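Here are my notes on the charged side-chain pairs in this one. Have the model open as you read.

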Amino acid sequence: MHAPANPFSAHKSSSRTIERVAFGLFRAATYFILVCATFIFGYIFIKGGQTVFRSHFPFVNVPFLTQSPETLYVFDYEGKKMELGDKAFRAFKENHDLKDAQVESNAYSAGGIFPCIVGTVLLVIGSMAIALFIGVSAAIYLNEYSKHGRFVHFVRLAVLNLAGVPSIVFGLFGLGLFVVFMPVLEGFHNPAVLSIPVGFGRFLNFSGWNVCLLSGWFTLAFMALPVVITASEESLKSVPMGFREGSLALGATKWQTIRTNVLPYALPGMLTSSILSIARVAGETAPIMFTAAYVVRDKMPWDVEHPFDMLFQGVMALPYHIYVVSSKIPQNEYTERVQYGAAFVFLVLVMGIALTSILLRMRMKRHRW
């Protein structure tokens, strides 16, 4: 005698078969992406680790992390192959006869990448500070103060469109506005540009900020704004309305309610947006190429007479340095070391900044304001 069929058991059908096939395809696509990412990052870490790390004490290539880029000179001297940076080669040449030596020069293949590291950190921190301030402020206005209408709809549409603008367009925008046309208060009249007298012997010259940190900060900040505004607004929407209503019922003002009952619970989500923005801002080459970065600059940004002048100093940056070394000079084994070493340090740097944001977000989740 056969047992009765279970009425709750799954029945075979074409829709379930299609669901299993689709699920398998999605899983395979996920694993494929993970394999590709592992291969790419693993290859960079292996090749770059050979440049950054050494087999003897102190086990880290300190000159590569603390010196400026130099030209590498390779030549044979008395049967020995010599590899010297620009400064060491000049000193060696003064004390030795190299008339018959075949000297091969390789740009940016000696020294280190310390100015690039400093420039990248300054660009990321400055641009994210501006983007978070403007983006969070805009999100608070859109979600807490504005009334739903055509204008707010237009602003949200503009933010979404801004997210799809290519980075090269942001670079040209930053070049035209911040580098060339931004007003600067100076003590002399510049007849070549539009100048407006403001009294006390001062003139407002629309001569721009030139290529400097400030131009790069605002250009990169505008790139990160769409992600910051969208994520911050969604974080504010996730806070229950009861928090606002209870605070207002107790006599708190609108701003007091937002500051004490809304922002503390929305900040973790806002910091998530900053993590996503860091990855885009730190890796961009085109915007900083037009607004902030130099190919070579030995002078550090803080080597100025007045601290305020630091904002108007150009910097080197790891993305631009990698681009120049990998595409603008002849490729060989010496440039390869610099490329992968700089890429390795760049990935570690971005991961470090993102990890800091994650830890800060976790801390804010545990300790509300």
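Which residue forms a salt bridge with arginine 90?

1. That would be aspartate 86, with the closest N and O atoms 3.1 Å apart. (A salt bridge here is a side-chain nitrogen of Lys or Arg within 4 Å of a carboxyl oxygen of Asp or Glu.) Both residues sit in helix α3 (residues 86-95), four residues apart, or about one turn of the helix. Arginine 90 is exposed, at 53% relative accessible area. (Buried is under 20%, exposed over 50%, partly exposed in between, using a 1.4 Å probe and protein chains only.)

2. A quick word on the ground rules. This is a predicted model, where local features need pLDDT of at least 70 and side-chain atom pairs count only at pLDDT 80 or more, while totals for chains, interfaces and linings use all residues. Residues are numbered from 1 along each chain as its sequence is written, and side-chain values use heavy atoms, leaving out hydrogens and water.

3. Searching the whole structure turns up six salt bridges. One of them joins arginine 337 to glutamate 83, at 3.9 Å from N to O. This pair ties together distant parts of the chain, 254 residues apart: arginine 337 is in helix α12 (residues 333-366) and glutamate 83 in strand β2 (residues 80-85). (Helices, H or I with at least four residues, and strands, E with at least two, are DSSP runs numbered from the N terminus.) Arginine 337 is partly exposed at 36%, and glutamate 83 is partly exposed at 37%.

4. Then look at glutamate 234 and lysine 237, another salt bridge, with closest N and O atoms 3.9 Å apart. They are about one helical turn apart because they lie three residues apart in helix α7 (residues 213-238). Glutamate 234 is partly exposed at 46%; lysine 237 is partly exposed at 45%.
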